[in-house]
Amino acid sequence: MNKGKTICGVLKTIRQQVADANEISYKPAECHHRGDCAGTCPACEAEVKYINQQLDLRRQLGKAVVIAGISAGLLSAPAFAAGQKPVKPVPKAKSSVKAAEREKDALVIGSTGAAPAPYQVTPQKMDTTKVFGIVEQMPSFPGGDAALMEFIKKEMVYPAEAKRKGIEGRVIVQFVVERDGRITSAKVVKSIDPLLDREALRIVRKMPRWIPGRQAGLTYRVKYVIPITFRL
């Protein structure tokens with residue numbers, strides 16, 4: 001095993017520790033790479049993005065985030081690229097942080113909090129009819145995150161009754177991006193008030209087709225979540 005493979009193994013162990021400490025469903029992908037390895041690849045980067053998104057989602061849901069005695073920056077390999085030695089994995093933390101990070105004003109998007117189907121690099125082993133929680137190239141709104149925020153801002157019609165009652169907050173909606181980019185199975189996973197929940201679902205169901213998730217050149221059905229913030 002070359003140095004890159006060793007680094008890759010260490011980082012997968014660290015990612016597993018962080019996932020376990022935060023009750024994130026995660027199973028490291030089996031590496032099918034042949035020859036020399038720099039310690040990271042699109043498959044590894046997809047795993048890093050998935051875990052970071054899950055940590056962000058926990059914060060948005062008001063849950064504590066535990067980093068198992070290491071910096072979140074060690075989830076990926078940039079620190080090793082300059083020739084630094086790998087950091088020895090550390091035991092899982094025994095206690096949670098005192099409080100969850102406050103919600104951010106900026107829109108944060110991410111993959112689903114539900115357990116993903118097993119992540120495999122070899123496309124023949126992935127059933128295109130199943131819904132996955134993580135793929136190599138996650139689905140995206142046409143034009144990116146900025147375009148998504150602009151769409152939500154433009155389409156939002158603040159419910160009059162909610163305005164009158166002073167109701168505001170962040171609704172988190174989960175949906176499936178189909179292989180052709182259609183949005184299906186939209187549902188609220190964090191509710192604020194039925195008035196705001198209905199408007200959030202209306203906005204999501206009105207979205208144009210997304211760029212679907214891809215793995216090894218093939219498109220797959222992928223679960224996704226977005227928070228929609230209502231502020232007076």
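What follows is a walk through one hairpin and the salt bridges in this predicted model.

The hairpin comes from strand 3 and strand 4, with five residues sitting between them. Strand 3 covers residues 169-177 and strand 4 covers residues 183-190, and the two pair in the antiparallel sense over five bridges. Along this pairing, Q174 finds itself opposite K187 in strand 4. In the turn, G181 takes a positive phi of about 90°.

Salt bridges come next, and the structure holds six of them. E178 and R221 meet through their side chains, at 2.7 Å from N to O. Because E178 belongs to the loop between strand 3 and strand 4 while R221 belongs to strand 6 (residues 218-230), this pair ties together parts that are 43 residues apart in sequence. E178 is buried, its relative accessible area being 10%, and R221 is partly exposed at 21%.

D180 pairs up with R182, and here the closest N and O atoms are 2.8 Å apart. D180 is partly exposed, with a relative accessible area of 36%; R182 is partly exposed too, also with 36%. The story extends to R209, as D180, R182 and R209 are linked in a network of salt bridges.

Another salt bridge joins E161 to K165, with 2.8 Å between the closest N and O atoms. Both residues are in helix 5 (residues 160-165), and because they are four residues apart there, about one helical turn separates them. E161 is partly exposed, showing a relative accessible area of 34%.

Terms used
Residues numbered from 1 in each chain as written. Predicted model: local features only at pLDDT ≥ 70, side-chain atom pairs only at ≥ 80, totals over all residues. Heavy atoms only, no water. Pairing = 2+ DSSP bridges. Salt bridge = Lys/Arg side-chain N within 4 Å of Asp/Glu carboxyl O. Buried < 20%, exposed > 50% of the residue type's maximum accessible area, 1.4 Å probe, protein only.
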